[in-house]
Amino acid sequence: MNATKLERVLAKPFLASLDGHRDAVNCMAKHSTSLSTLLSGACDGEVNTHTITICFIIAYCIDFYEKEFTPFYYVCEDPSLHLLDIFGGKLSTFNPKVKVWNLTKHNCVRTIQAHEGFVRGMVVRFCGTSFYSIGDDKTIKQWNMEAPGYGVEEEPINTILGKTVFTGLDHHQKNGTFATCGQTVDIWDEQRSTPIRSFSWGVESFSSVRFNPVETELLASCASDRSIVLYDMRESMPLKKVIMTMRSNTLSWNPMEAFYFTCANEDYNLYTYDMRYLEKPVTVHMDHVSAVLDVDYSPTGREFVSASFDKSIRIFPKENRNSREVYHTKRMQHVVCVKWSADNKYVMSGSDEMNIRLWKANAAEKLGVLSHREKLAANYNQKLKEKFQYHPKVKRIARHRHLPKHIFTEAKEHTVMREARRRKESNVRKHSKPGAVPMLSEREKHVVAVVK
């Protein structure tokens, strides 16, 4: 019990806030070969002055162990663009820029031209030498990871003009192939300016596409008709799709188990599926009180982190229904994107109030170099907690979390609503013909059909 209490006392997960954005952070990407590099994209603007910086790509170089932050901002600039100010109904003028900032010295070190519109997605090439970005200007741009020399004009390595707006982007894990989604799911070769293969299945648009990190020829996408579609690049047609009751925003593959993926849904839940058996999810994860917007797995494949519209992020064990951890701050607004670092120690979140926050994956973990006695004590306390984890008092202390008032009240309201639905369904079943209202488990309620 003392070990559990000490863990809760030492639980201080928040590490740093990387500010500098002027509007919501829209997307992030991890570097494929460097632990200390993070790329993020946002829409920047000052509505009060009617000047909106709309396209924003930022690459943060973070030295976690030295506690130094060296970010790179890329912002594009075109004062001729106009946008309807959604807050006041007035016409605003775009002033998009891409800048590189050194936060340790608080000065701008790099400015380049980028997209004319929102940055919808970014991904780093598998070798780590360059990265791709997509925007509302229907272009795919490849940028060098290294900054140009002094006096050299910043130019993308390659620019591809598409026919429609792209909404999602991901890169193959082993070769020079990447996938985009919009009105169709397209497979591109880096050496060609047209897609080598396009997939569509009677769907108006797709919101996300992800390659399988283990079976690298497989990929999946989330569609606007509430379906999740599976593809094989070696085939000319999609494999199959599962249609759910509500739309999924994005998904993430388990990096250690090739057949499993988790999707973030609009019905406040996350669903873990086995792609071989899509009739019902393996697990339904239910703790958020608003739409789940992003999800990312840990490198071990045992846990994943989710970002939600309820202004919090949660960490779930992949086989558990409830989260083991919830992170929130007073200033943090709707969390749009989240990433788990490749060393399994940190979680990065980007939210509407223009900040990227750095969290510890294990809230009570002590960072830095540990002495031999500290390692022994930590291991001993961990074994004690595992041995007595089901003791009622120990379990109560370990599970307790302080929640913001709006999350606490909405969670209570959702509990009452679920009980009411369960009670109504039971009453209907009692007064109906036997077998007319079948008993459905929670996992079966959310799947409408599986189409092959």
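Here is a walk through this predicted model, from the whole chain down to single residues. Local features are described where pLDDT is at least 70, side-chain atom pairs count only at pLDDT 80 or more, and totals for chains, interfaces and linings use all residues. Residues are numbered from 1 along each chain as its sequence is written, and side-chain values use heavy atoms, with hydrogens and water left out.

Let's start with the whole chain. It has 4 helices and 34 strands, where helices (H or I, at least four residues) and strands (E, at least two) are DSSP runs numbered from the N terminus. Of the 452 residues, 47% are buried; that means under 20% relative accessible area, while exposed is over 50% and partly exposed is in between (1.4 Å probe, protein chains only). The accessible surface is about 22,800 Å², with 53% of that belonging to carbon and sulfur atoms. Areas like this come from the Shrake-Rupley method with a 1.4 Å probe, and for residues only the protein chains shown count as cover. Take the contacts (heavy atoms within 4.5 Å) with a separation of 6 or more: 50% of them are between residues 24 or more positions apart.

Now to the inside. In soluble globular proteins, nonpolar side chains tend to be buried together. A nonpolar core here is a set of buried Ala, Val, Leu, Ile, Met, Phe, Trp, Tyr and Cys residues joined through side-chain atoms within 4.5 Å. The largest one has 18 residues, and those touching the most other members include Ile 228, Trp 253 and Phe 261. Strands 20, 21, 22, 23, 24 and 25 each supply at least two residues of this core, and the largest share, 3 residues, comes from strand 20. If you click on Phe 261 and skip its neighbours within four places in sequence, you'll find contacts with Leu 230, Trp 253, Tyr 273 and Leu 278, among others.

In one of them, Arg 247 meets Glu 266 at 3.4 Å, N to O. Arg 247 sits in the loop between strand 22 and strand 23, and Glu 266 in the loop between strand 24 and strand 25, 19 residues apart. Glu 257 and Lys 318 also pair up at 3.4 Å, this time across 61 residues. A local example is Lys 383 with Glu 386, at 3.8 Å; both lie in helix 2 (residues 372-387), about one turn of the helix apart. Lys 383 counts as exposed because its relative accessibility is 58%.

Next, a hairpin. Strand 11 (residues 119-124) has 5 of its 6 residues buried, and 5 bridges join it to strand 12 (residues 130-135), running antiparallel; strands pair if DSSP finds at least two bridges between them. Val 124 stands opposite Phe 131, and Gly 128 in the turn has a positive phi of about 85°.

Most residues other than glycine have a negative phi.

Terms used. Salt bridge = Lys/Arg side-chain N within 4 Å of Asp/Glu carboxyl O.
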